[in-house]
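Trainee: I would like to go through this structure with a few questions. Please show it to me before we start.

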Amino acid sequence: MVQSFATAERRLPPASDPESAARNEDYLWTLNFGPQHPATHTTLRLVLKLEGERVVDAMPEMGYLHSGFEKIGEHLTFNQYVTVTDRMNYISPMANNVAWHHAVETLLGIELTPRCKVIRTIIAELARISDHLLCNGAVGLDTGAFTFFLYGFYQREVIYDIFETLCGARFTNSYTRVGGVSQDITPLVIEQIRTFIKKFPKTLDDMERLLTRNRIFVDRTKGVGVLTRDEAIRRGATGPVARASGVPRDLRKDEPYLAYADYDFQICCATAGDCYARYLVRMQEMRESLRIVAQAVENIPAGPVNVSMDQRTSKPDKQQVYSTIEGTISHFELAMSNRGFEVPCEESYAAIEAPNGELGFYIVGDGNETAYRARCRPPSVLNFAMFPHLIRGHTLSDVVAVLGSLNVIAAELDR
Amino acid sequence: MAVITGSGKLELPENVVVSRLDALANWCRKNSLWPMPFATACCGIELMATGAAKHDLARFGAEVFRFSPRQCDLMIVAGRVVMKMLPVLQRIWQQMHEPKWCISMGACASTGGVFDTYAVVQGVDRFIPVDMYVPGCPPRPEQLIQAIIDLQDKIQREGTISGREFDTAARQLRKRALVEITAPLSIDASRNPVLQRELAAEALSGRS
Amino acid sequence: MSSSVAHVLAEVADHFGNLHSSEFRGQTRVVVPESQSLEVCSFLKEQGFDFLVDVSCVDYLEYRDPPMQMRSCAGRRYGLMYLLASTMTNRRLTVRVFLDDPEPTVRSVVPLWEAANWLEREVWDLFGIQFVGHPDLRRLVMPEEFSAHPLRKDYPLQGRGERHNFPVITRENS
């Protein structure tokens, strides 16, 4: 007898309403959606209880990509763990890197140089554009608009080229370091960003012309998956999902971090709270992000990008390592454990406005270079937990539209 | 009409092709691979990018990304496979029809990658037969395309019509577990509904 | 920001007696005994903390040099934390509840914030803390048949062999 731990069936949670259990439910059928399914959100599972085409109840199940990120965080140093944070929300890895090191620098009490702040702002906003392109592209793809998806993917390739010129990797960049970034921004990258800024609005207009007033798309997404403002706050929604329901909370304006306080941009809100509103909020957010990048790239302050060597918390750049003795000594000491960072035995939480919502890390330090506990607060978990509430009463074909609009990324969901 | 000339060579008119039937079948199979994207994580995004406009996978015949295992012949395991997902992977592999091939894309699918943790399977080739490994985290689209081209060469070289000649069993069973099981496993079999059903069915059939 | 939180903490002290609080890097933490955790949380919710950001736990089994201000409940192993925020006034507050082996139990805050539903399930799954009153406490990220709590410090990073406990499908029998 082969012992298999195939997870074919799960207990459904007890019926909250005893009458429904007593009612004759022969006409209800169960559909298992996932964990392998065509919608581009990878491994999540939904067990849907349907009456004909109408969804009576949905039981989401996650954990099909749980890799033990938080346990790894207890074994890797701060600079090593940034490679793992890349693999969380893999649609916008730069934002995760910025979030992780923002949390680490909050714990360590490091103040970044102005140049570093502006560079991180630029890459975080480019990551936001990249994420929204894929999220809206996935909504388009799941509702049948393949061209929209391909346009979005092509623009993401342009952003990948920018990141590759900047740090060598298309995505999964691991670009930030404690107190700075791994490579400084070069004039070539600035030129590429300028070209992108010039060309992107036209593509965005093309994409909008395809879907925003498209009768089919509007019918499929308007009024579908409505989330009211009070429910959004009660269920912990953040990011575009919350803003589309009328919760005007954006950490870039509420708790400004990096260089956001210096730029002129607006946060995008809607009141309808349905899939169409979330789509529109993301499209408009891309334009606002482009505004931020356009302002930032023209005003990058000169000066060092990494925190100075005296503070001994970031590695000196290679030029100094190979040519000065102080650089070599400093690099050696920082590479050996316990010689570089001064980590307090304290705990702190810091969050940024990631494309998906509030992405924060609660880090417990214990004096070592390794975190004692690195907890990631994932926006996707709360968004996915809301799914049954949003889908009740809608039809089977709305399931993909709602799932796409929530932008649930399985790796961030499961960690 | 074919004519044997004086020197013993076979002369063929233009409209006759001579080939082994196997080679012809392999040529058809390799140029129309239907991938089954088992995309779990970041490699899934690179898989999508490979299928998108810039690095077009359709040029190599692998355009049709069908999500139903019954319609596919190439499974691309893109991304890490965790222990909750592995039975799903095995079931999908068993649902695919022969001839079928498997590409293990990325470091996580090949060896577990960065994630040597309690939940991640250290290489899917421990549990399903893999034909091609693509290193990288994630591999660039060009690397995946190279893997598909290499797989096409493999299919052309080694295929038979029945497609059952790949002997990966020895290689699979040779790989030892990274962790020696010394303590009892933290798995409570009484809470596995599928196993309990199987046991109950066996007990019932044993009794009757 | 911390001054208005101090005002809230003063109110909390009025109602619930002297609770230990501290501040670090601009964030205020207050330690609440588990017997009062649900009451303090509902009081805070009435005071305007309508948004639950996160519920999680830290296992202090191997923590060296614990600073006195964090370990006022000396020697307890699990430190639960509730990160609260207010959407109206943009304040943040961290509520800490310390629990101990065996059978760490605390009351669930799901009646206050629905966001806690899955977050508490995850804490149960990974740490083994029982939430009394939770509508549906079962495992979230690990499979149902898994019986250990992986994020505890005494569980090894590479596990105990569960990840490879599956049948091998070879080419012949697939």
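Trainee: What percentage of the residues of chain B count as buried?
Mentor: The model is predicted. A residue is called buried here if 20 or more other C-beta atoms lie within 10 Å of its own. Of the 208 residues of chain B, the share that passes is 42%.

Trainee: In what order do the elements of chain B run from the N terminus on?
Mentor: Chain B holds seven helices and six strands. Read from the N terminus, their order is β-β-α-β-α-β-α-β-α-β-α-α-α.

Trainee: Which helix of chain A gives the largest share of the side that touches chain B?
Mentor: The contact takes 34 residues from chain A and 34 residues from chain B. On the chain A side, helix 2 (69–72), helix 3 (78–86) and helix 6 (146–167) each supply at least two residues. The largest share, four residues, comes from helix 6 of chain A.

Trainee: Which residues touch the most other members of the largest nonpolar core?
Mentor: This core has 226 residues, and its largest share, 15 residues, comes from helix 5 (residues 114–142) of chain A. Leaving out residues up to four places away in sequence, Leu84(C) touches residues including Leu44(C), Phe49(C) and Val95(C). The residues that touch the most other core members are Val77(B) and Leu84(C).

Notes. Residues numbered from 1 in each chain as written. Chains lettered and ligands numbered in written order. Predicted model: local features only at pLDDT ≥ 70, side-chain atom pairs only at ≥ 80, totals over all residues. Contact = placed C-beta atoms within 7 Å. Buried ≥ 20, exposed ≤ 12 C-beta atoms within 10 Å, placed from the backbone. Core = buried A, V, L, I, M, F, W, Y, C linked by C-beta atoms within 7 Å.
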